[in-house]
Each structure stands twice: as structure tokens, then as C-alpha cells.
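Take a look at the fold as a whole, then at one helix pair. The text moves from the chain to the contact.

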Amino acid sequence: MNIGISTFPTDYSADVAVIAKRAEELGFESFWVPEHPILPVNGSSPWPGSADGVIPKVYADIVDPFVALGRASAVTTTLKLGTGICLVPERNPLLLAKEVATLDMYSKGRFLFGIGTGWHREEAEIMGADFDHRWTQTRESVLAMKELWTKVESEYHGKYYDFPPVYSFPRPVQRPHPPVLIGGMARNVFKRVVDCGDGWMPNRVTPDQVAQGRATINELAEAAGRDPSSISVSVYGQPADRELIERLQEAGADRVMVRLPTEPEEECIASLEGIAEAVL
């Protein structure tokens with residue numbers, strides 16, 4: 001079982017370089033950060049992580065994930081670096097493809113591209129997403145980026161993105177591209193994973209749901225002519241509970257990311273070391 005760390009880095013929490021370096025020393029497999037470029041002051045979208053729907057303040061405070069992971073890559077050599085998640089429909093794929101490839105190049109092939117579409121309507125719309133059709137838009141973006149990552153002269157012609165032949169470099173170190181891990185528990189997530197993803201990355205999920213999801217992915221992959229073993233399952237944002245992690249592994253998870261609190265450096269490193277003692 002691969003065990004990673006996920007955290008919300010801010011300007012008042014521990015430096016991601018310090019966290020990532022210590023995480024690698026302790027034996028964690030990967031380091032994950034989320035994305036919210038902005039949060040509207042008067043937004044009304046409820047947070048799906050609690051019954052009252054109140055959005056935690058930290059969601060408005062987090063830093064850019066690619067800059068953070070670039071900093072983490074400079075002080076590590078084996079730790080994998082992931083977005084959990086990148087809000088794809090809120091970014092231009094021509095720029096995003098270059099950011100992904102650049103990070104993969106500088107980290108020497110350690111980037112894991114966790115993606116999603118978000119839950120905050122107002123944020124998505126301010127950033128240019130078609131919220132009601134955000135998965136259709138995201139699929140187009142992923143397909144466009146795959147062209148940019150794999151061809152010398154790349155072009156794409158779709159509803160949301162349309163560009164003539166262009167050069168886009170660098171190429172990712174990982175070929176054909178970094179793994180695309182699709183987040184979420186939506187009804188069609190498994191079809192999306194098999195269609196254009198390399199893995200499923202659920203959050204707030206039980207071992208039984210992981211087992212059901214793994215079985216569905218296997219069935220759909222075989223029907224599509226894909227090798228089910230080529231599709232991974234990475235369970236995001238879990239507590240430091242060894243028994244739970246073992247149950248998730250038995251259910252078919254290949255990776256579990258444990259939540260690390262957003263804290264100042266001394267407290268954060270103590271928490272990280274406590275998590276390592278509990279689960280590694």
C-alpha cells in the first residue's frame with residue numbers, strides 16, 4: 001500500500017518544502033495539495049464536506065498547487081507530487097498542459113495529475129467554467145492536453161477549446177503523460193475514468209464504496225478493451241487510522257492519502273511524525 005500526505009498549504013502554515021522533505025525522510029510515498037484559485041465573498045454554494053455546508057476558511061487561503069509542488073520537488077528526489085485536485089475547467093488547457101509538463105520535467109517524472117471539476121458554482125463561473133456541463137468541458141480539456149503532451153505539432157477542435165497546430169514544450173518525462181486521476185463520486189465517474197483517465201481518486205468514501213467502485217471500473221474497463229490493472233484507485237483525505245487504511249487496501253485501493261493539518265511549522269512537523277508512527 002502506498003501512503004501519501006495531503007494538506008492545505010497557506011501563507012500561515014508550514015513551508016511545503018519543509019513538509020515534503022520530512023515526508024520523504026519518513027517514508028511517505030506522495031505529497032498532495034488542493035486548488036481553489038478564488039472563493040467568492042457572497043457565494044451560496046454549500047460545502048459538501050459537512051451537514052451545515054459551511055466552507056472552512058482555509059479553502060480561501062490555499063496557495064497555487066503548481067508553485068507549491070514545484071517548490072516541494074526541489075528538495076525531494078523520490079516523493080511523488082500530486083494535485084488533489086486541480087480544477088481543470090477553471091484553467092486554460094494550453095497553459096495547464098505546459099505547467100503539468102514543466103513540473104513533471106523538473107521533478108524527473110514524479111507528478112500525479114489529480115483532477116476534478118469542483119463543487120462551487122460561483123467560483124467556477126467566475127473562472128470561466130460552464131458549471132452545468134463542467135465534465136464535458138473537462139473531458140475536452142484532458143483530450144486537448146493529451147494532444148499537447150504527445151505530439152510535436154498539436155491541434156484540437158472542440159466546443160470549448162479550439163486551436164490550430166501549435167508547438168507546446170517541454171514534453172512530460174512520463175510517457176505518454178503523467179497519470180490522470182479523476183476525482184469524485186458522481187454517478188458517471190467510473191465511465192469517465194475508463195474513458196480518459198488512469199485512475200479513480202475518491203474522497204469521503206467508505207471501504208464498501210471503494211470495493212463497489214473497483215468492481216465497476218474492472219467491468220467497464222474489460223468491456224472497453226482496457227486492462228483493469230492499468231487503472232489505479234487512490235483514496236484521498238483520510239484520517240491517520242491504520243485499520244481503516246488496511247480495510248481500504250482490502251477493498252481495492254492502491255494508495256491512501258492521509259490528511260495533515262494546516263499548522264505552523266513546529267506543530268505541523270510534529271503532526272506529520274505522529275501520522276507516520278500511526279500508519280507507516
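Helices here are DSSP runs of H or I with at least four residues, strands are runs of E with at least two, and both are numbered from the N terminus. This is a predicted model. By that count, the chain has nine helices and 11 strands. Its radius of gyration is 18 Å, close to the 19 Å that the globule rule gives for 280 residues, so the chain is as compact as a globular protein of that length. Along the principal axes, the C-alpha atoms fill a box of roughly 50 × 40 × 40 Å.

Now the interior. Of the 280 residues, 50% count as buried. Sequence separation tells another part of the story. Take the contacts in the chain with a separation of 6 or more: residues 24 or more positions apart account for 68% of them.

Next, the helix pair. Helix α6 spans residues 189-196, and helix α7 spans residues 207-223. Their axes come within 9 Å and cross at roughly 45°. The crossing of α6 and α7 is right-handed.

Which residues meet where α6 and α7 touch? From α6 come Phe 190, Lys 191 and Val 194. From α7 come Gly 213, Thr 216, Ile 217, Leu 220 and Ala 221. The residues of this contact divide into five nonpolar, two polar and one charged.

Technical notes. Residues are numbered from 1 along each chain as its sequence is written. This is a predicted model: local features need pLDDT of at least 70, side-chain atom pairs count only at pLDDT 80 or more; totals for chains, interfaces and linings use all residues. Side-chain values use heavy atoms; hydrogens and water are left out. Axes are lines fitted to C-alpha atoms, for helices over the stretch in contact, and angles run from 0 to 180 degrees between N-to-C directions. A crossing is left-handed if the near helix is turned anticlockwise from the far one by less than a right angle, and right-handed if clockwise. Contact means heavy atoms within 4.5 Å. Ala, Val, Leu, Ile, Met, Phe, Trp, Tyr, Cys and Pro count as nonpolar, Asp, Glu, Lys and Arg as charged, and the others, Gly among them, as polar. The radius of gyration is taken over C-alpha atoms; the globule rule is 2.2 Å times the number of residues to the power 0.38. Buried means under 20% relative accessible area, exposed over 50%, partly exposed in between (1.4 Å probe, protein chains only).
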